[in-house]
Every structure is written in C-alpha cells, then in structure tokens.
Amino acid sequence: MEMNGRRKLRCLLAGAAAGILNGFFGGGGGMVLVPMLENLCGVEEKRAFATSVAVMLPVCVVSAAIYALRIGIDLRAALPYLAGGLAGGFLGGVTFRRVPASLLRYVFAALMIYGGVRALL
Amino acid sequence: MSAAVGALAGAACGVLSGWGIGGGSLLLIYMSFAARMEQGAAQGINLIYFIPTSATSLVFHFKNGLVDRRCALLAALAGAPLAAAAAFAATALHPDALRRIFGAYLIWSALRLLGKKNK
C-alpha cells in the first residue's frame with residue numbers, strides 16, 4: 001500500500017497509542033493497535049493482526065527493560081509462562097493462516113468482554 | 001498456583017498472541033485475578049512473556065508476507081519511546097492504584113467493544 005504523509009502520520013499515531021497503553025498496563029497494546037491499523041492505516045484485517053505483533057515486540061522489549069530496572073522482574077515466576085508461551089507462540093504462528101479472520105474477530109471480542117467482566121466482579 | 005497450570009495458561013495465551021489477539025492481556029488477567037500477583041509484578045512478567053512468544057510467531061508472519069513492514073516500522077518508532085515513558089509512570093504508582101486503573105481500562109475496553117457491536 002502507498003505510504004503518503006497522511007498514512008505515515010496515522011501509523012505513527014497508532015504506534016504511539018499502543019505504546020503508551022502497553023507500557024503503562026504491561027500489555028493490551030495489541031488490542032488497541034489492531035483496530036487502529038485497520039481503520040486508521042488501511043491495513044487489511046489479517047495483515048493487521050500480524051503487523052501488530054511486529055510492532056508490539058520492540059515496544060515490549062523497551063517496556064520490560066524499564067520494569068526490570070525500576071521494580072525488577074521475577075524471572076523464576078515467569079519461567080512456566082515463558083515455557084508455555086514459546087510452544088503456544090509457535091503453534092499460533094503455524095496455524096495463523098488457517099484461522100479464518102472472522103474467528104479471530106470473535107476470539108478478540110470474547111477476550112475483551114471476559115476482561116471487563118472479571119474486572120467488574 | 002502450580003507451574004504446570006501456569007505453563008498451560010502461558011501456552012493458551014501464546015497461541016492467541018501468535019494470532020495477534022491480545023493473548024498477553026488474557027495472561028495479565030490470569031496472573032492478576034487467578035494467580036493473585038501484585039499488579040506491577042504481573043505486568044513485568046507479561047512483558048517478558050510476550051518477547052519470545054511473539055518472536056517465534058513473527059518468524060512465520062514475515063515468512064508468509066503478512067507484515068506491513070513500513071507501517072510496522074513507523075508504529076514501532078513512535079510506540080517504543082512512549083512505552084518507555086508510560087512504563088516509567090506505571091512503576092512509580094502504588095500497585096493497588098495501578099490495579100484499579102487496569103480494571104477501569106478493561107471495563108472501558110469491553111464497553112467500547114459492546115458499542116461497536118450495537119452499530
């Protein structure tokens with residue numbers, strides 16, 4: 001897709017919003033970034049999901065460094081999640097193209113509702 | 001909470017992260033509400049968790065030509081320094097205050113989604 005000045009600005013804006021949220025909450029940037037990439041930057045739905053992963057990786061590296069320096073990160077407590085996450089991330093990458101975009105949207109919606117309900121309880 | 005359950009939760013969220021669907025947010029909710037971790041500690045682990053998880057899935061996304069490279073580069077250039085500033089602000093807050101703000105953020109996200117569905 002053509003990258004004119006306006007689209008560049010929109011990509012910067014989407015990244016800025018996702019970065020602020022992800023840095024502050026330690027996650028959740030992707031939930032904001034995916035719809036912004038689609039609606040603001042004109043990235044097709046499935047590419048938006050993949051592109052958001054590419055954006056959130058460096059954002060998380062920088063944020064994690066700040067958390068580690070400021071309050072420390074318990075790597076021992078993180079190990080089980082990391083081990084599971086590696087396997088899950090691999091599976092997610094392999095199966096990504098076989099998952100219909102509509103299913104991605106429903107799973108995405110269900111996750112957000114779940115988070116809201118848990119916070120209300 | 002056993003390590004096995006944590007690994008299972010990590011794997012399930014890893015699949016969703018690989019699909020770019022907020023798996024990290026779900027893990028954060030799990031650690032905060034089920035494993036009852038302090039909010040700041042959970043957020044730090046969640047950030048560390050996302051790095052290898054997303055890196056493995058990203059290899060496939062690049063290989064399959066699914067990443068809009070220029071858009072990703074610009075978004076990352078804007079997002080990374082602001083994420084650092086936001087992380088600095090979050091780690092300066094009391095964990096309880098951070099947890100309450102996180103809860104409000106989740107409710108806002110859910111309401112925003114419901115609003116979209118009603119259109």
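Modeller: Happy to! The contact takes 78 residues from chain B and 80 residues from chain A, where two residues are in contact if their C-beta atoms, placed from the backbone, lie within 7 Å. On the side of chain B that touches chain A, the elements giving two or more residues are α1 (3-18), α2 (23-34), α3 (39-63), α4 (69-92) and α5 (95-117) of chain B. Helices here are DSSP runs (H or I, at least four residues), numbered from the N terminus. The largest share of that side, 21 residues, comes from α3(B), so let us stay with that helix.

This is a predicted model, so local features need pLDDT of at least 70, side-chain atom pairs count only at pLDDT 80 or more, and totals for chains, interfaces and linings use all residues. Residues are numbered from 1 along each chain as its sequence is written, with chains lettered from A and ligands numbered from 1 in the order in which they are written.

α3(B) has 25 residues and reaches 36 Å from its first C-alpha to its last, close to the 36 Å expected at 1.5 Å a residue (1.5 Å times one less than the number of residues). A kink of about 25° is centred on B:Ala55; the bend is the angle between axes fitted to the seven residues ending there and the seven starting there. Because 19 of its 25 residues are buried, α3(B) is largely enclosed by the rest of the structure (buried: 20 or more other C-beta atoms within 10 Å of a residue's own, all placed from the backbone). After α3(B) comes B:Gly65, with a positive phi near 65°.

Methods
Buried ≥ 20, exposed ≤ 12 C-beta atoms within 10 Å, placed from the backbone.
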